[in-house]
Amino acid sequence: MSDPLAEIVSILKPVPSIAKLVMAGGAWLVERRELGSPFYCAIVEGRCHLTISGRAPIVLAAGDFVMVPEIHSFTMSSLQPPPRGTLPQRLETSPGVFRLGDPASAVDVTAMVGHCAFAATDRQMLVSLLPDVIHVQGQDRLTNLVRMIHRETVGKLAARDMVLTRLLEVLLIEALRSAGGATASPGLLRGLSDHRLAPVLRRIHQDPGGEITVEDLARNAAMSRSTFFDRFRREVGVAPMEYATSWRMALAKEMLLRREASIAEIAARIGYASASAFNVAFTRHVGTTPGAFAGRA
């Protein structure tokens, strides 16, 4: 049976970027803008505020883990932030270790913070299937993974990038597992937690080259067509055929990038009767022909 979550993480291709240990004391605030990249943080001790653009502040405490698959601007601060306009106090005390706030103040917050990137060509579509914010409490496994990523980042051991890539994949999967369930925002995790929709999602991933229609998927879910359509769109966030087409195109892009098959073979693998039909669908979805996409890549 196909595992949609593992496939999506694999195609997202998390790439190492920044990992740092942050120690803070007194009144402090850091602000980041226009990142557009995944952000994660594990609080080792103390409490602080995290404010993501457009959302209410979150109080993070020791044992908390937070991940935002795509973040554009945010602030982290002490519970009582410094007055507006105060120049930030930030000092790198050793490689990958930073001190925030008045150096004379006692350290009352320790956090491990990281950024990464997704190298997938269809990053926007895949990220849209994930929760906007993942906030998990009391999961030591996540904190330990972040600690391993930090140690690997600041170290200079052989095969570091390979190890970091694998650790990031495990961190992302573990975070998504922890955030799954009916309370997750609409997307893949919420769909997989629905006992009627989970088999349908697995079928789409397991056999993208098979015949996929709303009627067949509804029968697979033992629901009427209209009820299934509404439930899928509500729980997953997109219509069934939109999801199936997006997944097929994500797979097609990967195969084109790897040049592992001809355009006709790719068309057959993802369910198109001919190369011309695939060419039309790909061009409509991506904005360029498969051949031009492969050449540009």
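**Figure 1. Ring pairs link Tyr272, Phe278, Phe282 and Phe293 into a cluster.** This is a predicted model, in which local features need pLDDT of at least 70 and side-chain atom pairs count only at pLDDT 80 or more, while totals for chains, interfaces and linings use all residues. Residues are numbered from 1 along each chain as its sequence is written, and side-chain values use heavy atoms, with hydrogens and water left out. Rings of Phe, Tyr and Trp (its six-membered ring) pair if their centres lie within 6.5 Å; planes under 30 degrees apart count as stacked, over 60 as edge-to-face and the rest as tilted. By this rule there are 6 aromatic pairs. In one of them, the ring centres of Tyr272 and Phe278 are 5.9 Å apart and the planes stand at 50 degrees, so the pair is tilted. Both Tyr272 and Phe278 are buried (under 20% relative accessible area, with exposed meaning over 50% and partly exposed in between, for a 1.4 Å probe and protein chains only).

**Figure 2. Here is a closer look at Phe282 and Phe293, an edge-to-face pair.** Their ring centres lie 5.7 Å apart, and the planes meet at 70 degrees. Phe282 belongs to helix H11 (residues 275–286) and Phe293 to helix H12 (residues 290–296), so the pair ties together parts that are 11 residues apart in sequence. Helices (H or I, at least four residues) and strands (E, at least two) are DSSP runs, numbered from the N terminus. Phe282 and Phe293 are both buried.

**Figure 3. Next comes the largest nonpolar core, with 68 residues.** Such a core is a set of buried Ala, Val, Leu, Ile, Met, Phe, Trp, Tyr and Cys residues joined through side-chain atoms within 4.5 Å. Tyr40, Phe65, Leu171, Phe228, Tyr243 and Phe278 touch the most other members. Helix H9 gives the most to this core, 9 residues. Leaving out residues up to four places away in sequence, Phe278 touches Met249, Ala252, Ile263, Ile266, Ala267, Ile270, Tyr272 and Pro290. A second, separate core has 21 residues, including Ala24, Leu50, Val68 and Val109.

**Figure 4. Ser246 sits in helix H9 (residues 240–258).** Ser246 is buried, with a relative accessible area of 7%. Beyond its neighbours within four places in sequence, Ser246 is in contact (heavy atoms within 4.5 Å) with Asp122, Met125 and His285.

**Figure 5. The largest cavity holds about 180 Å³ of space.** A cavity is a set of points on a 1 Å grid over the protein atoms alone where a 1.4 Å probe fits but cannot get out, and lining residues have an atom within 4 Å of a point. Grid points are joined across faces, edges and corners, and the volume is the space filled by probe spheres set on them. Of the 16 lining residues, Lys20, Val22, Val30, Leu100 and Val113 are the closest to the centre of the largest cavity. Strand E8 supplies the largest share of this lining, 4 residues. By class, the lining has 12 nonpolar, 1 polar and 3 charged residues (Ala, Val, Leu, Ile, Met, Phe, Trp, Tyr, Cys and Pro count as nonpolar, Asp, Glu, Lys and Arg as charged, and the others, Gly among them, as polar).

**Figure 6. The second largest cavity holds about 60 Å³ of space.** Its lining includes Pro14, Tyr40, Met67, Cys116 and Leu171. Helix H4 gives the largest share of this lining, 3 residues. The lining is made up of 10 nonpolar residues, with no polar and no charged ones.

Technical notes. On a 1 Å grid over the protein atoms alone, a cavity is a set of points where a 1.4 Å probe fits but cannot get out, and a pocket is an open set with protein on both sides within 12 Å along at least five of seven lines; lining residues have an atom within 4 Å of a point.
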